Amino acid sequence: MKRVVTIAGAAAQGSAGIQADLKTFQERDVYGMAVITATVARHSKATKGIYIRSIEEIEDQFYTIQERVGFDAIKTGMLFSEEIIKKTVELIDSQSTSTLVVDPVMVGKMGSQLLQDSAITVLKNELIPKATVITPNRLEASKLLDREVIAEKSELIQAAIDLHKLGAKHVVLTGGVVGQEAIDVYYNGQESYVLRNEAIKTVNTSGAGCTFAACLTAELAKNTPVYEAVKISKDVVYQAIKHSLSFGEGVGSVRHGAYRQCNDG
């Protein structure tokens, strides 16, 4: 069984972050493990909302996984600070696994800032160049490119090409809704591909980006070719959004098991 590890934040409500990653790993039949960098716990009485783990704890989680289990692929999500990104780069350099999916998490669905502004440069210069694939959404692409990326097909294609110049081998720009379609752009350094699904009218999309990147990581660990892995991940997220969950208030969760449930009839 292929083994994968996510280095990311935990989301107390269960829709995104580590929780989404582990649910998705289970759905894609890989053995999932986690290095928790922080916990996001926002509610009406919260005075803080984000709790950062110590560098020592992050190190010990990683080395425990490395020593006791091992892994075939790594995914990174919410890293929050320059210090944590630098430590993550050091940990990645300490092992031989070459498959790395970087989800450059910056802002949560509820508006939480999940990456300090001072950390963007080190993310671009030190972590992204090590990535097999990066999976920014349109707003994250705008921050990485230091310009607004608008929701138009030609602009998304150009943005994916420009993001590739940051050093990752492959780019998937999850562009969001363009007209009546949900469009993602995949660029491999030579050719760009536009992937389309119908746009689903819902606010319940928490965890969509994490689920996409986690699915992609699982498929790459299983040696699925990159473009095929991207297509599978898009279909998984499409079903997860189509059958999403509402909890009565705010942004609800994608349904992480929807793809399997639909295919099982």
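This is a predicted model: local features need pLDDT of at least 70, side-chain atom pairs count only at pLDDT 80 or more; totals for chains, interfaces and linings use all residues.
The nonpolar interior was examined first. In soluble globular proteins, nonpolar side chains tend to be buried together. In this model the largest nonpolar core has 45 residues. Those with the most contacts inside it are Ile85, Leu123, Leu127, Ile128, Ile134 and Leu163. The surroundings of Ile134 were then listed, leaving aside neighbours within four places in sequence. Ile134 is in contact with Val102, Ile128, Leu163, Ala168, His170, Val171 and Val172. Two of these partners, Ile128 and Leu163, are also named among the residues with the most contacts in the largest core.

The C-alpha atoms of Ala73 and Val101 are separated by 8.0 Å, although the two residues are 28 apart along the chain.

Lys75 also lies in strand E4, and it pairs with Asp21 of helix H1 (residues 17–27). Side chains of opposite charge can pair when their charged atoms come close. In the salt bridge between Lys75 and Asp21, the closest N and O atoms are 3.1 Å apart. The partners are 54 residues apart in sequence, so the pair ties together separate parts of the chain. Both Lys75 and Asp21 are buried.

In total, the structure holds 16 salt bridges. Arg53 forms one with Glu57, with the closest N and O atoms 2.8 Å apart. Here both partners are partly exposed: Arg53 has a relative accessibility of 24%, and Glu57 has 31%. Glu181 forms another with Arg196, at a closest N to O separation of 3.2 Å. This pair links distant parts of the chain, with Glu181 in strand E8 and Arg196 in strand E9 (residues 192–198), 15 residues apart. Glu181 counts as partly exposed at 31% relative accessibility. Arg196 also counts as partly exposed, at 39%. Elsewhere, salt bridges that share partners join Arg147, Glu155, Asp162 and Lys165 into one network.

Aromatic rings were considered next. The count comes to five aromatic pairs. In one of them, the ring centres of Tyr186 and Tyr227 lie 5.6 Å apart. Their planes meet at 15°, under the 30 degree limit, so this pair is stacked. Tyr186 belongs to strand E8 (residues 181–187) and Tyr227 to helix H8 (residues 226–242). The two tyrosines are 41 residues apart, and the pair links distant parts of the chain. Tyr186 is buried, with a relative accessible area of 3%. Tyr227 is partly exposed, with 30%. Phe62, Tyr63 and Phe71 form one aromatic cluster.

Strand E7 (residues 170–178) contains Thr174. At 19% relative accessibility, Thr174 counts as buried, because the limit is under 20%. Leaving aside neighbours within four places in sequence, Thr174 is in contact with Thr135, Pro136, Asn137, Arg138, Ile183, Asp184 and Phe212.

Two loop residues stand out in backbone geometry. Phe80 has a positive phi of about 70°, although it is not a glycine. Phe80 is found in the loop between strand E4 (73–76) and helix H3 (82–93). It is buried, with a relative accessible area of 14%. Asn223 likewise has a positive phi of about 70° without being a glycine. Its place is the loop between helix H7 (208–221) and helix H8. Asn223 counts as exposed, at 59% relative accessibility.

The surface also carries nonpolar side chains. Met1, Tyr31 and Val69 make a nonpolar surface patch of about 310 Å². Of these, Tyr31 lies in strand E2 (residues 31–40). At 41% relative accessibility, Tyr31 counts as partly exposed.

Notes:
Residues are numbered from 1 along each chain as its sequence is written. Side-chain values use heavy atoms; hydrogens and water are left out. Patches are made of residues with over 30% relative accessible area and no salt bridge: like charges are joined within 9 Å, nonpolar side chains (Val, Leu, Ile, Met, Phe, Trp, Tyr) within 5 Å. Accessible areas come from the Shrake-Rupley method with a 1.4 Å probe; for residues, only the protein chains shown count as cover. A salt bridge is a side-chain nitrogen of Lys or Arg within 4 Å of a carboxyl oxygen of Asp or Glu. Helices (H or I, at least four residues) and strands (E, at least two) are DSSP runs, numbered from the N terminus. Buried means under 20% relative accessible area, exposed over 50%, partly exposed in between (1.4 Å probe, protein chains only). A nonpolar core is a set of buried Ala, Val, Leu, Ile, Met, Phe, Trp, Tyr and Cys residues joined through side-chain atoms within 4.5 Å. Contact means heavy atoms within 4.5 Å. Rings of Phe, Tyr and Trp (its six-membered ring) pair if their centres lie within 6.5 Å; planes under 30 degrees apart count as stacked, over 60 as edge-to-face and the rest as tilted.
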